[in-house]
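Here's a quick tour of how this one is put together.

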Amino acid sequence: MVRAYKCLRPGRIGPFSGYRWPVGVWVEGGGNAALCLRGIHACRTEDLPYWLTQELWEIELDDDVRREHRKLVANRGRIERRIEAWTRASAAGFAEGCAARTEQRAMQARGEQAGRLAELAADAAANAAKGEAALLGFIAARAAELDSGTEGYADERRAQANWLASELGLEAA
Amino acid sequence: MLISEDLTCQELVELVTEYLEGTLRPKDRDRFEQHVVLCDGCAYYLDQMRTMIALTDSLTEESITPEARESLLHVFREWKGG
């Protein structure tokens, strides 16, 4: 049994499957046509910045739990408890942090990337107030990649995951 | 999503059938889903496709009125002819 996290839309709706998750009930990955054909998907803390939606739930995974690129996959899963600390306010806090780091990169940028980073900083500022957490995480990571390459991208995503772990009381990334 | 992993909205539309049938390669599936998380328009499009499939799955030949059947056949004939 593995404990992980599941990002859902309002009303416990799977963002890709459109499936409304019941609470406390085991759901089989292959048994429901509405679910992903390849099993139940969930996140480790380090994966969360890529998949953030409006609701965050703790999920138990069971039966052939395996790691894939930026996600965990299992044959069955059960959502247990909503992470109440993930709210519009905390999403806005996450987004503002991403916007601030993007702005800082843009201000320090020199050379050919300066213009592109300024555009990203403007995008980030325009969207931060809306609390678009996944989008702001993406913009900040993209800015880091332009600034420092793939290592910068990975560092930025790690910083985002650490922020989530710390602010929401999740298992460390 | 790294720059090299970017997917455009048009590419997503082209891949949606394979996505829903579960035949995309894992890497492409990941790119597809990353795009959906970031793009409200494509998330809405994916929802629409799922709804359309669910609705058409429940249709039988008998559930279509003769007028609708004739109209559909006309469209198909025109399409094939054109």
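## How the helices are judged

Helices (H or I, at least four residues) and strands (E, at least two) are DSSP runs, numbered from the N terminus.

This is a predicted model, where local features need pLDDT of at least 70, side-chain atom pairs count only at pLDDT 80 or more, and totals for chains, interfaces and linings use all residues. Residues are numbered from 1 along each chain as its sequence is written, chains are lettered from A and ligands numbered from 1 in the order in which they are written, and side-chain values use heavy atoms, leaving out hydrogens and water.

## Two helix pairs

In chain B, helix 1 and helix 2 pack at about 120°, with axes 10 Å apart, so the two are oblique to each other. Residues making the contact (heavy atoms within 4.5 Å) include Leu12(B) and Tyr19(B) from helix 1 of chain B, and Phe32(B) and Val36(B) from helix 2 of chain B.

Over in chain A, helix 2 and helix 3 meet at an angle of about 160°, their axes 8 Å apart. That makes helix 2 of chain A and helix 3 of chain A roughly antiparallel. Among the residues in this contact are Ala95(A) and Ala99(A) of helix 2 of chain A, plus Leu117(A) and Ala121(A) of helix 3 of chain A.

## The cores

A nonpolar core is a set of buried Ala, Val, Leu, Ile, Met, Phe, Trp, Tyr and Cys residues joined through side-chain atoms within 4.5 Å. Buried means under 20% relative accessible area, exposed over 50%, and partly exposed in between (1.4 Å probe, protein chains only). The largest core has 51 residues, and those touching the most other members are Leu48(A), Leu56(A), Trp86(A), Leu170(A) and Phe32(B). Elements supplying at least two residues each include helix 4 (133–168) of chain A and helix 3 (40–57) of chain B. The top contributor is helix 4 of chain A, with 13 residues.

There's also a second, separate core of 13 residues, including Val27(A) and Ile79(A).

Most residues other than glycine have a negative phi. Arg12(A), not a glycine, has a positive phi of about 65°. Arg12(A) sits in the loop between strand 1 and strand 2 of chain A and is partly exposed, at 25% relative accessibility.

Methods
Axes fitted to C-alpha atoms, helices over the stretch in contact; angles between N-to-C directions. Parallel < 35°, antiparallel > 145°, perpendicular 65-115°, else oblique.
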